[in-house]
Amino acid sequence: MGSIDQPPFPIVDFAKWHDPQGKDDRLSIAKSLVDGCRSHGSVYVINHGVSQELVSKAFDMSSRFYHLSDAVKEQVAHPPGMEIHRGWTKLGGENASNYSFDGLEKLKQSAAVPEKRECLDVGSDERPDMPNMWLPEQTLPGFRETIMDFHQEARGVVTAVLGALGLGIGLRDPDYFTNLHPPIRNHLRVLYSPPIPAAELESGAAKRMGTHTDFSPLAVIFQDDCGGLQMANPYKNDGVFTDVTPIESTCVLTLGQPFERWTNGFLKAVPHRVAIPPRADRFDGAERMTRGRLSLAYFADLVPDTVIEPLPECVDDGHPRLFDPVTIREIFQNGYKMMESRYGEKVSSS
Ligand SMILES: O=C(O)CCC(=O)C(=O)O
Ligand SMILES: [Fe+2]
């Protein structure tokens, strides 16, 4: 675990966000959030409101799920295509790469490297149009309840962060982002990269998650203590990735493409990937296996027809409009199309 004293990204404390007397506190939280995103591309959030007990339980249950046989997990397999974005995607079944600092050829090459990870997509239980897929309760007692408890609790984190972003940017209606994101659209990805021969990752024959920026506006990522998540500072554009070292009791933000459009480039989508973890997690000796890694990535999403365009507060003579209006549906569809034409395989949702 990383140290809270020397974090690689700023840590923003949300403890006082919910204090009814805390108007000044809210403003200072919002400012630290926006300043941190602008200086480093992302921040950790502490006192985010999800109890550590629930986070641990969700990791424990997720680990049990992923240790079931593929034949069992097949019962909740993600249907082909993206119409129903729920269920389990097997090892190597999707590819998140959509970004490269070194041009299209490098992107194609890295996209051709299989992602050795599995995923379970879970949404709100109030979405009859997109029902969740669950194993019979007796197969994994308590799994559904724990994952849905986590889904429910994580709602508060994205709601608070969306509110703080609106306030920190100085929107006339600071609740604009919060009100635009219906919580029933929130989406949890339970991600697992199993142990793998270290040499496979070191040689580049396999990867965990390719470099990408998210299509969804915002995600909060809870990671176990393995490590490997890295981010590049989008304001520097130098291709340097920094380890997002796991720090206990925190989650970390990723701002996606819509935030760059809304804020006319004031905030930026952060390029990130899951790379080979630090040496300690690759193990020496004959086995040379890299430890498995679990993460819980929780996304705030929008109704597909939502139009995204630079907000008036972010456009003036010094900051001319950089983006045309586009719906979130188009952001996803154009992203998938671009990726599928390059790789011809199922791509990641985020
Ligand atoms: O597993 C992680 O830490 C990153 C997940 C992620 O970036 C995504 O699902 O878009
Ligand atoms: Fe992502």
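Is Asn 264 buried or exposed? Select Asn 264 and look: with a relative accessible area of 7%, Asn 264 is buried. Here, buried means under 20% relative accessible area, exposed means over 50%, and partly exposed is in between (1.4 Å probe, protein chains only).

Before going further, a word on what you are looking at. This is a predicted model, in which local features need pLDDT of at least 70 and side-chain atom pairs count only at pLDDT 80 or more, while totals for chains, interfaces and linings use all residues. Residues are numbered from 1 along each chain as its sequence is written, chains are lettered from A and ligands numbered from 1 in the order in which they are written, and side-chain values use heavy atoms, with hydrogens and water left out.

**Stop 1: two asparagines**

Stay on Asn 264, which sits in the loop between helix H8 (257–262) and strand E12. The labels work like this: helices (H or I, at least four residues) and strands (E, at least two) are DSSP runs, numbered from the N terminus. Most residues other than glycine have a negative phi. Asn 264, though, has a positive phi, near 55°.

Now jump to Asn 47, in the loop between strand E2 (44–46) and helix H2. Its phi is positive too, about 55°, although Asn 47 is not a glycine. Asn 47 counts as partly exposed because its relative accessibility is 42%.

**Stop 2: the iron ion**

Select ligand 2, the iron ion. Which protein residues are its donors? They are His 212 (NE2), Asp 214 (OD) and His 272 (NE2), lying 2.1 to 2.2 Å from the iron ion. Donors are N, O and S atoms within 2.8 Å of the metal (3.2 Å for Na, K and Ca); water is not among the atoms, so sites may look incomplete.

Along the sequence, these donor residues follow the spacing H-x1-D-x57-H. Distant parts of the chain are linked here: Asp 214 is in the loop between strand E7 (209–212) and strand E8 (218–223), and His 272 is in strand E12 (residues 272–274), 58 residues apart. Asp 214 and His 272 are both buried.

**Stop 3: helix H5 and its partners**

Next, colour helix H5 (residues 143–169) and helix H2 (residues 52–66). Two packed helices are described by the angle between their axes and the distance between the axes. For H2 and H5 the angle is about 135°, and the axes are 9 Å apart. Axes are lines fitted to C-alpha atoms, for helices over the stretch in contact, and angles run from 0 to 180 degrees between N-to-C directions.

That angle makes H2 oblique to H5. The naming goes by angle: under 35 degrees is roughly parallel, over 145 roughly antiparallel, 65 to 115 roughly perpendicular, and the rest oblique. To see the contact (heavy atoms within 4.5 Å), show the side chains of H2 residues including Leu 54, Met 61 and Phe 65, and of H5 residues including Phe 143, Ile 147 and Phe 150. By class, this contact has eight nonpolar, two polar and three charged residues. Ala, Val, Leu, Ile, Met, Phe, Trp, Tyr, Cys and Pro count as nonpolar, Asp, Glu, Lys and Arg as charged, and the others, Gly among them, as polar.

Zoom in on Ala 30, in helix H1. At 0% relative accessibility, Ala 30 is buried. Setting aside neighbours within four places in sequence, Ala 30 touches Ala 164, Leu 167 and Gly 168.

**Stop 4**

Which residues does Gly 87 contact, leaving aside its neighbours within four places in sequence? They are Val 76, His 78, Cys 119, Leu 120, Asp 121 and Met 133. Gly 87 lies in strand E3 (residues 87–89) and counts as buried, at 0% relative accessibility.

Finish in the loop between strand E4 (118–123) and H5, where you'll find Pro 141. Pro 141 is exposed, with a relative accessible area of 53%. Pro 131 is in the loop between E4 and H5 as well, but is partly exposed, at 43%. Try the distance tool on the C-alpha atoms of Pro 131 and His 85: they are 46 residues apart along the chain and separated by 9.1 Å.
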